[in-house]
Amino acid sequence: MAEIPYIAAIEMAIHGEMERDDSVLYFGQNIATTENDKFLQAFGPDRVRVTPISETAEIGMAVGAALAGYRPVVELYMAEFMLVAMDQVVNEAPRFRYMTGGQVTVPLVLKAGYGFTAGWAGQHTGTIYGMFMGVPGLRVAIPSTAADAKGLMATAIRDDNPVAYFHHYLLTLIPGEVPDGEHLVPFGEAAVRREGGDVTIVALGYMVGLALEAADRLASEGIEAEVIDPRTLNPLDLKTILESVEKTGHLVLVDQATRHGSASAVIAADVADEGFSSLKAPIKQVTALDATIPYSQPMEEYLLPDVDKIVGAVQQVLGQAPVTA
Amino acid sequence: MKELDNDRRVWIFNQMARIREFEERVKGTFEEHPGVIRGHTHLADGAEASIVGSLATLEPTDQLMTTYRCHGYPIVLGTDAGAMMAEIYGKKTGLCGGYGGSMHLTDVERGFLGTSGIVAQGIPQATGAAYAAQIRKQDQVVLCFFGDGASKQGAFSESLNLASLWKLPIVYVMENNNYNVVTRSDQEDANAAAGEPLAVKAKAFSMPGVTVDGGDPEAVYATVGEAVDRARGGDGPTLVESKVYRLSAHGNIIVPPGIPLHFPEHEAIEVFGNAAEYEAAKKGDPVPRYRAKLVQDGVLSAEQADEIMQSAKDEMQAAVDFGIESELPAPEDATKFVYA
């Protein structure tokens, strides 16, 4: 166990999996451009390559290499760059196994940073995993800690399905305790980050940290929140969420995405569908407001979920705040 | 590249006859068994010489990816025609169990890794398979088939750039049938509008670009064969523009359920009112053309050629019968194969 930054944990997982399995490839833009690159040094130019700025070719080639027996990891930097190659992500990689009646598998990982709400303005700040959550055949991972960043990446590389792996840019340098050696976090197992009996807070990705801060503040008011981090959106561990809601009777969801593009809206609908009888109050979602992320800091902050908004939402579902809060 | 001996030339004719007869029976199914074929079906009649001439260059461990106009290739590879027809009929016994249909015939065991139904999107996938072949170092080559329309997609440009940069063992075979759906090439392609062959696009990617008569299987074999040798030798990709004329319309009519599906006339007639163009193309039909050549060269007698055609007819009738008699899949199987 060592304390390392989130981004180093991701690299550790890719490195470890490449050591373990010769079929793992790593390519993308602006990597391995000199001999000093540690992946290039360790694994050579067959398995580690820089590509042109050609997302359709990068992801399409990953599909083809996967069909031909390899396990590519595509370095995409920004999640939005996947939008350039949406057909390959949504309508190619996850379809092949199904359309061929199970003849093939397409094991690949799309490593995509998201949510860079630090003055990157409208086109590099989106929280877009909700677009991919409902694509049959595509797994979606959203690690919130350094340990999970490693464990979910390792699992993603070993998974036989295409995986969209979303890492949050504001977590990049945040350190955390990370297990040494092999560390796998199974897909579809939520983590209960904090136990509590009064309200369930389901928080996604970077929002987990904000939810825990909110929970600390609520605790000082005598409210015990249970904070759940789903860790993967597909598969989604609805069971853990429903069990928690059964216990607390109250649900708040926190997602950095805009409301109707959020994953929280889907989870809220699932709980309403399958857990309505457990609920003592309406479900409340804390999401970004429906706008493009602006450049200027006060406007950027205004749109996004924060600790105050989460605390307010919890107070509201518990009937301790005016409905307008 | 091996010389084509007479046995191989007869084999080529036989495969061309089998593709033609398969496609005739697919087309015929719309009248003989209305409602059995759903959605959109695209036929390879007219492209037989190009398909067979290309695939004749391959070794058993080589691979290919194609477009949704995909019926011809597996026939040449030896895929069971009954399983193919059953797939097109949506049957449980189909090549892909009824999950893919006409546009997604796939036979991984024979090196046919799959198709994309979206124009040009199979090009990067085939390029990725060629990357895999390059680093596996077993002298494999990948053939990538697509149409002229696909060459205006970014996927085409991005892939050819990378393949040339990395010297990947791939041959890009552009089947230029001069129409993207119902639009003529000179209406949507700058090279075509300027009177240049589409193979000039290769120049932008510093790879050879060659144009060949796709109605002549031996010319295709020689051209693609040279490109395959080049790819296998580590010298990188080639763009082959194979000029074909599809003898059927782009696909069956696109209408909502309730209206019987059928194949309309070719776009030259239906859209552009140019029956003369279509009639001229019919005169150059590659199947009778190659038959005449082999008979003229004394490779086949007329009777032997008739026997090959008859044998193809019998085989494809059996494929239709198998497809019709096969059962539909169980509805609940629809949730299988979503995840590995």
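Residues are numbered from 1 along each chain as its sequence is written, chains are lettered from A and ligands numbered from 1 in the order in which they are written. In this predicted model local features need pLDDT of at least 70, side-chain atom pairs count only at pLDDT 80 or more, and totals for chains, interfaces and linings use all residues.

**Exercise 1. Domains of chain A**

State how chain A is divided, and describe the side of domain 1 that touches domain 2.

Solution. 
- Step 1: Take the bounds. Domain 1 of chain A covers 2–178 and domain 2 covers 191–317. Such bounds come from an automatic or database domain assignment.
- Step 2: Over C-alpha atoms, the centres of the two domains of chain A are 26 Å apart.
- Step 3: Count the contact. Domain 1 of chain A gives 24 residues and domain 2 of chain A gives 22. Two residues are in contact if their C-beta atoms, placed from the backbone, lie within 7 Å.
- Step 4: Find the elements. On the domain 1 side, helix 7 (130–133), strand 6 (139–141), helix 8 (146–158) and strand 7 (163–168) of chain A each supply at least two residues. Helices (H or I, at least four residues) and strands (E, at least two) are DSSP runs, numbered from the N terminus.
- Step 5: Sort by class. That side of domain 1 of chain A has 13 nonpolar, nine polar and two charged residues. Ala, Val, Leu, Ile, Met, Phe, Trp, Tyr, Cys and Pro count as nonpolar, Asp, Glu, Lys and Arg as charged, and the others, Gly among them, as polar.

**Exercise 2. Chain B against chain A**

Solution. 

**Exercise 3. Two helix pairs**

Describe how helix 1 packs on helix 12 in chain B, and how helix 9 packs on helix 13 in chain A.

Solution. 
- Step 1: Chain B geometry. Helix 1 (residues 6–32) and helix 12 (residues 302–325) of chain B have axes 9 Å apart, at an angle of about 40 degrees. Axes are lines fitted to C-alpha atoms, for helices over the stretch in contact, and angles run from 0 to 180 degrees between N-to-C directions.
- Step 2: Name the arrangement. These two helices of chain B are therefore oblique to each other. Angles under 35 degrees count as roughly parallel, over 145 as roughly antiparallel, 65 to 115 as roughly perpendicular and the rest as oblique.
- Step 3: Assign the hand. Helix 1 and helix 12 of chain B make a right-handed crossing. A crossing is left-handed if the near helix is turned anticlockwise from the far one by less than a right angle, and right-handed if clockwise.
- Step 4: Check the residues. Phe13(B) and Phe22(B) are among those of helix 1 of chain B, and Ile308(B) and Met316(B) among those of helix 12 of chain B. The contact has nine nonpolar, two polar and five charged residues.
- Step 5: Turn to chain A. The axes of helix 9 (residues 207–220) and helix 13 of chain A come within 9 Å and cross at roughly 55 degrees. This crossing of helix 9 and helix 13 of chain A is right-handed.
- Step 6: Check its residues. Helix 9 of chain A contributes residues including Leu210(A) and Arg217(A), while helix 13 of chain A contributes Val307(A), Ile310(A), Val311(A) and Val314(A). The classes are eight nonpolar, no polar and two charged.

**Exercise 4. Two sheets of chain A**

Give the strand order and edge strands of the five-stranded and seven-stranded sheets of chain A.

Solution. 
- Step 1: Five strands. The order is 9-11-10-13-14 in an open sheet of chain A with mixed pairing. Two strands pair if DSSP finds at least two bridges between them.
- Step 2: One pair. Strand 13 (residues 251–258) and strand 14 of chain A run parallel over five bridges. Asp255(A) has Thr287(A) as its bridge partner.
- Step 3: Seven strands. This open sheet of chain A has the order 3-2-4-5-7-6-12, again with mixed pairing.
- Step 4: One pair. Strand 6 and strand 12 of chain A pair in the antiparallel sense over two bridges.
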